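Come along and check each entry against the picture.

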Amino acid sequence: MTIGRLNHVGMATPSIEASLAVYRDMLGAAVGEPFDLPAQGVRVCFVDLPNTQIELIEPLGDASPIHGFLRKNPAGGQHHVCFEVDDIAVAVADMTAKGARVLGAPRIGAHGTLVVFLHPKDMGGVLVELMEAPGAGH
Ligand code: CO
């Protein structure tokens with residue numbers, strides 16, 4: 001397996017509206033519409049950049065996995081990076097064989113494609129998301 005493009009950088013925020021205003025009004029970026037992903041306990045909004053996207057992530061509901069991050073980082077901050085892979089099943093098998101901890105089974109992510117997360121302790125301290133995008137790897 002080889003990773004492909006950097007699909008997006010995930011940024012946790014206590015207020016998606018405040019964060020998207022920073023990207024739109026201060027930095028001049030094109031921003032999308034926020035939307036809820038109840039199954040994942042998050043509200044998400046994508047910021048479009050020429051070479052990648054920023055994924056703004058706000059907690060949704062009491063059980064959101066983002067609450068823990070915001071307790072440690074109350075102002076929000078960089079949460080994960082997402083790389084594209086050709087085939088998520090191949091990626092999971094390869095990462096597992098190489099000793100990386102894969103967090104749960106692949107599920108549908110914010111782009112409507114299969115994603116999986118890799119434990120930061122196996123990824124140089126960075127939470128890594130792999131997203132299936134056929135044709136991504138080489
Ligand atoms: Co993401």
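My entries below go from the metal site to the salt bridges and then to a surface patch.

**Entry 1: the metal site**

I kept in mind that this is a predicted model. I began by asking which protein donors the cobalt ion has. I found H8 and H80, each giving its NE2 atom, together with E55 and E129, each giving an OE atom. These donors lie 2.0 to 2.1 Å from the cobalt ion.

Next I looked at the angles among the 4 donor atoms, which run from 87 to 174 degrees. The site is classed as irregular.

**Entry 2: where the donors sit**

I wrote down the spacing of the donors along the chain as H-x46-E-x24-H-x48-E. H80 belongs to strand β6 (residues 77-85) and E129 to strand β9 (residues 128-132), so this pair ties together parts 49 residues apart in sequence. H8 is in strand β1.

**Entry 3: salt bridges**

I reminded myself that side chains of opposite charge can pair when their charged atoms come close.

- R5 pairs with E84, with the closest N and O atoms 2.7 Å apart. R5 is in the segment before β1 and E84 in strand β6, so I am looking at a link between distant parts of the chain, 79 residues apart. R5 is partly exposed at 46%, while E84 is buried at 8%.
- K98 meets D94 at 2.9 Å, N to O. K98 is exposed at 59%, but D94 is buried at 17%.
- R101 pairs with D122, the closest N and O atoms being 2.9 Å apart. R101 lies in the loop between α3 (88-97) and β7 (102-108), and D122 in the loop between β8 (114-118) and β9, so the pair ties together parts 21 residues apart in sequence. Both are partly exposed, R101 at 43% and D122 at 26%.

**Entry 4: a surface patch**

Last, I asked which residues make a nonpolar surface patch. M1, I3 and V90 do, over about 230 Å². M1 is in the segment before β1 (6-12) and counts as partly exposed at 35% relative accessibility.

Conventions. Residues numbered from 1 in each chain as written. Predicted model: local features only at pLDDT ≥ 70, side-chain atom pairs only at ≥ 80, totals over all residues. Heavy atoms only, no water. Donors = N, O, S within 2.8 Å, 3.2 Å for Na, K, Ca; no water. Tetrahedral: all angles 85-135°; square planar, octahedral: opposite > 155°, others 65-115°. Helix = DSSP H or I, 4+ residues; strand = E, 2+ residues; numbered from the N terminus. Patch = residues over 30% accessible without salt bridge, like charges linked within 9 Å, V, L, I, M, F, W, Y side chains within 5 Å. Areas by Shrake-Rupley, 256 points an atom, 1.4 Å probe, with all protein chains shown as cover. Salt bridge = Lys/Arg side-chain N within 4 Å of Asp/Glu carboxyl O. Buried < 20%, exposed > 50% of the residue type's maximum accessible area, 1.4 Å probe, protein only.
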